[in-house]
Amino acid sequence: MRIGVDITRVRQLNAKAEGKGPVVYWMSRDQRVSDNWALLYTQAKALDKKQPLIVTFCLVPRFLDATLRHYRFMLEGLKEVEGRLQDLNISFRLLCGQPEEQIPFFVKAVEAGALITDFSPLKINRRWKEEVANLIGVAAFEVDTHNIVPCWETSPKQEYAAYTIRPKINRLLPEYLVDLPRPLKHPYKAPLPDKPTDWLEAVNNLKIDTIVAPVDAFVPGEAAAGEAMADFVDQRLPYYSNLRNDPTADGQSDLSPYLHFGQLSAQRLAYEIKKKAGNSPPGADFLEELIVRRELSDNFCYYNNHYDSPEAFPNWAKETLAAHLADRRDYLYTLEQFEKAQTHDDLWNAAQIEMVRKGKMHGYLRMYWAKKILEWSNSPTEAMKTAIYLNDRYSLDGRDPNGYAGIAWSIGGVHDRAWPERPIFGKIRYMSYNGSKSKFKIPKYIEKVNNL
Ligand code: FAD
Ligand code: FO1
């Protein structure tokens, strides 16, 4: 049975020919066995060539500001990946070090006929892939299995806002939002010794901050992700539209850590939501976030290399923020005061504490949190640095295009429009404490965080 992978999801990364030998999937962003187009494409190629299929993951000693919290969540998920691959007669190899060294070495050692990897728009990932594709002697391919509509198919350029990308995505959804086939038990075994991964040794190679402790609010791995998805789709989806902006309620899906680490496929989630509640308001509201907003973030990071700096702000935002750069700040806090939640604002402090303790801040408060950092910092540049640092250090779902786009939206008006001018913000959309007061009970939220 041929595994049909839509060829527009695949791009060749170098102009080299495929050789004989096993086909290797270098897993990176999409750390799952089910619902993974990159794995399915690798298997289709290996079946065509009557070759084994090997999956490898290259563990880097440090990744942006990731800490033990993130690596623990990720490694637990990868252990599960190894087990699931074994059940499919597919070998898994964990490599430790820099991809540009480890992957070419591995491709040569197993005499791979082709290398397939998954897509990420982040600069660090693109650098890895570019170097590896140039260094290896065989064909290298990239598969976008994170976006439902492949990033390069949606649009050839940076989109201005949700309203400009939405029609482009919606036009292509019927072709791409389909059920995903299951990977097959592979008929050809790789000539590799059956040595289980030494996960303890892997942790010893890490050079990461171990102060930020793992969180128990989220059980890592593909199985837990599937259960969390089922719980949301079956129990909580009907309340999404009403409760998603109320931090005192459990109205959001809480699926972002699984989506970030690729332990859950957004396409699987969207497909199940569509099946269950297609065009009903909660379903449509959720899909707007999961598909349009999320894929707009990949579009932003892919087409704008300055996604983590004010350089990426639209010109109107750059001008207005510059015009208000010298405005008096009533409050100014250092990174340390922000990190320790030592501001004058009890709501902001609670949001910061929720992120530190739970590993995930409520979505509504993320906007308020970032905008107040702008208001209480010397400059938008400093504010952006602080917001990215804290978000990447404490949020399980951090180090993600959604984070860079969310912070650039909050501080620099990316994907937003101009609003009535005011001090410090200029025409950047403002959010106030009283505005939050009118939306939910602040003391109730603070108490909820204090009990975390
Ligand atoms: P739900 O409301 O259940 O949404 C489901 C999924 O839809 C999310 O997991 C996410 O993939 C997507 N989604 C929802 N809202 C957005 C949005 N505004 N932009 C893009 N995708 C969205 N999201 C991250 O995944 N990682 C981050 O580091 C991150 N940092 C943010 C920082 C700021 C300042 C802001 C304003 C937003 C940030 N977001 C980030 C986007 C959004 O807040 C989170 O995706 C959402 O709160 C995750 O929780 P959930 O899965 O329960 O959300
Ligand atoms: N990807 C890898 O290929 N190797 C890693 O060691 C690795 C570590 C890592 C740590 C935290 C984190 O949030 C992501 C991490 N990724 C790693 C994931 C991957 O690079 C993703 O593509 C990016 O985070 C973009 O979403």
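This is a predicted model: local features need pLDDT of at least 70, side-chain atom pairs count only at pLDDT 80 or more; totals for chains, interfaces and linings use all residues.
**View 1. Polar contacts between the protein and ligand 2.** An oxygen atom of ligand 2 lies 2.6 Å from an N or O atom in the side chain of Arg-399, and a polar side-chain atom of Asn-125 is found 2.8 Å from an oxygen atom of the ligand. The backbone also takes part, with an N or O atom of Val-60 placed 2.9 Å from an oxygen atom of ligand 2. Of the 510 Å² of accessible area that ligand 2 has on its own, the protein covers 100%.

**View 2. The shell around ligand 2, which sits in the largest cavity.** Two or more residues of this shell come from each of β3 (53-59), α2 (68-87) and α4 (123-135), and β3 gives the most, with three residues. In total 18 residues surround ligand 2, the closest being Ser-28, Cys-58, Asn-125, His-260 and Arg-399. By class, the shell comprises 11 nonpolar, five polar and two charged residues.

**View 3. The largest pocket, with a volume of about 1,400 Å³.** This pocket is lined by 47 residues, of which Gln-252, Glu-289, Arg-293, Gly-363 and Asn-402 are the closest to its centre. The elements that give two or more residues to the lining are α6 (162-176), α10 (256-260), α12 (281-303), α16 (363-375) and α18 (401-412).

**View 4. Helix α12 in the lining of the largest pocket.** With eight residues, α12 gives the most to this lining. The lining as a whole divides into 19 nonpolar, 14 polar and 14 charged residues.

Terms used:
Residues are numbered from 1 along each chain as its sequence is written. Chains are lettered from A and ligands numbered from 1 in the order in which they are written. Side-chain values use heavy atoms; hydrogens and water are left out. A residue is near a molecule or strand if one of its heavy atoms lies within 4 Å of it. A polar contact is a pair of N or O atoms within 3.5 Å; within protein, one must be able to donate a hydrogen and the other to accept it, and residues adjacent in sequence count only if both atoms are side-chain atoms. Accessible areas come from the Shrake-Rupley method with a 1.4 Å probe; for residues, only the protein chains shown count as cover. On a 1 Å grid over the protein atoms alone, a cavity is a set of points where a 1.4 Å probe fits but cannot get out, and a pocket is an open set with protein on both sides within 12 Å along at least five of seven lines; lining residues have an atom within 4 Å of a point. A molecule sits in a cavity or pocket if more than half of its atoms lie within 2 Å of its grid points. Helices (H or I, at least four residues) and strands (E, at least two) are DSSP runs, numbered from the N terminus. Ala, Val, Leu, Ile, Met, Phe, Trp, Tyr, Cys and Pro count as nonpolar, Asp, Glu, Lys and Arg as charged, and the others, Gly among them, as polar. Grid points are joined across faces, edges and corners, and a volume is the space filled by probe spheres set on the points.
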